[in-house]
Amino acid sequence: MISITNLSLCSFNSRTLFTMVTVPVLVIFLCSIKHVVMLEAEWRNTRIPAVLPHDTVTLEKAHFQGRAKLEVTSPCELECHKRAPLPTYEDLKEYLSYETLYSNGSRTLTNVDIYSFNAVDLVNKQHYSNGRRTKRQVFGLDGRFSILAKNFLLSYPFSTSVKISTGCTGTLVAEKHVLTAAHCIHDGKNYVKGAQRMKVGFFKQKQKATNQTNLLFPEKPRLHWIRVKRTHVPKGWIKGSANEIGMDYDYALLELKKRHKKPFMKIGVTPPRGRMPGGRIHFSGFDNDRPGDLVYRFCLVKDETYDLLYQHCDAQPGASGSGVYIRMWKRQSRKWERKVIGIFSGHQWVDKNGVQQDYNVAVRITPLKYAQICFWIKGNYVDCRDG
């Protein structure tokens, strides 16, 4: 039995109920369900700690001897992560300290302090819900879609995806900032070749007209490039790309030399997969097997740890660094809003009992990571309280 109170959620009143006798019960039911879904798929306020600089020291110039690896190797798989001991306060300060690389090759190390962080948030780190993982970069039938129409490529949210000159993908998250994967810039020991003169590629708004028009195979839009001014990489990645903790910190922020003047997608704290609409995530990237194409996909999140999302998204090298996003209702503005809630780390090989297995993994934006990335963007803590 559906009460009149429930019907009022869908703008029905008692008079409407008794006069509109022809309205199908199904419509009323679906209308009620809509509001239940909106309450579940809603951006919620998250208590954000403060990750603030303590001191900064100058390091020797970078050597740029590393090779950009589009596949990440780790000896620690999902169950290994769940069994790992919780990081201490000192561990977290070390992992969230960061290197800054400048375009002239100079670099600095900034040590941080953490404030207003509740260690209880880590207690359930090993107890995130389990799910069965599926192997391979492409799972069964290929579920990727190449975005070929220019009007879609230049429209939000696809226009927020950009090409990184080292071979990866990034996402516009502010007027001058691009979020990507750390392994696209640093191999854990050295900055990769090309990182010093790194550029970010955007699809051109206008292109020269050609006499040839092919509706079946339209001409692919060209890219224009903007140089990177500086790059931030967390020490958690630099310290441990070859050990258990490395993949948890596979993210980096690029600051461009000038504003890109395009719409961008804000970052947000990753909700538990049970609160993601349909349990799905979305992202677009420049997969190597489809040269020149921007490739979109969406898929179910099958498992998670405190720092990682294990999912079924079909992907190939080149999509690494893509911003993983979801769309939920924001009550304050009364509208649906997309936010980047993770970074696609890519196709990761795992050595389990001497047998190599592979998974597609994304790095979650936890409250601590949100505080750090937001500080890199804003330069202050005051503007970083809304996760």
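Predicted model: local features only at pLDDT ≥ 70, side-chain atom pairs only at ≥ 80, totals over all residues.
**Disulfides**

Begin with the cysteines: a search of the whole structure turns up 3 disulfides. Select C168 and C184, whose sulfur atoms sit 2.1 Å apart. The torsion about this S-S bond is about -95°, so the disulfide is left-handed. C168 is in the loop between β6 (161–164) and β7 (169–172), while C184 is in the loop between β8 (177–180) and β9, so the bond ties together parts that are 16 residues apart in sequence.

Next, pick C299 and C313, joined by a disulfide with an S to S distance of 2.0 Å. With a torsion of about -90°, this one is left-handed. C299 belongs to strand β13, and C313 to the loop between β14 (308–311) and β15 (323–330), so parts 14 residues apart in sequence are tied together. Both C299 and C313 are buried.

For the remaining stop here, go to C374 and C384, S to S 2.1 Å. The torsion about their S-S bond is about -90°, so you're looking at a left-handed disulfide. C374 is in helix α9 (residues 367–378) and C384 in the segment after α9, 10 residues apart. C374 is buried at 5% relative accessible area, and C384 is buried at 2%.

**Aromatic pairs**

Now switch to the rings; the structure has 10 aromatic pairs. Select F203 and F286, a tilted pair at 5.8 Å centre to centre with 40° between the planes. This pair links distant parts of the chain: F203 is in strand β9 (residues 199–203) and F286 is in the loop between β12 (280–285) and β13 (294–304), 83 residues apart. F203 is buried at 7% relative accessibility, as is F286 at 5%.

Move along to Y296 and F298. Their ring centres are 6.1 Å apart and their planes meet at 35°, so this pair is tilted. Which of the two is buried, and which partly exposed? Y296 is buried at 15% relative accessibility, whereas F298, at 39%, is partly exposed.

Then select Y95, Y98, Y249, Y251 and W376 together: they form one aromatic cluster.

**Charges over rings**

Finish with two lysines. Show K199 with W225, and you'll find the charged end of K199 over the ring, 5.5 Å from its centre. Do likewise for K339 and W43: here the charged end of K339 sits over the W43 ring, 4.9 Å from the ring centre.

Key: Residues numbered from 1 in each chain as written. Heavy atoms only, no water. Phe/Tyr/Trp six-rings, centres within 6.5 Å; stacked < 30°, edge-to-face > 60°. Helix = DSSP H or I, 4+ residues; strand = E, 2+ residues; numbered from the N terminus. Buried < 20%, exposed > 50% of the residue type's maximum accessible area, 1.4 Å probe, protein only. Lys NZ or Arg CZ within 6 Å of the ring centre and 35° of its normal. Disulfide = S-S within 2.5 Å.
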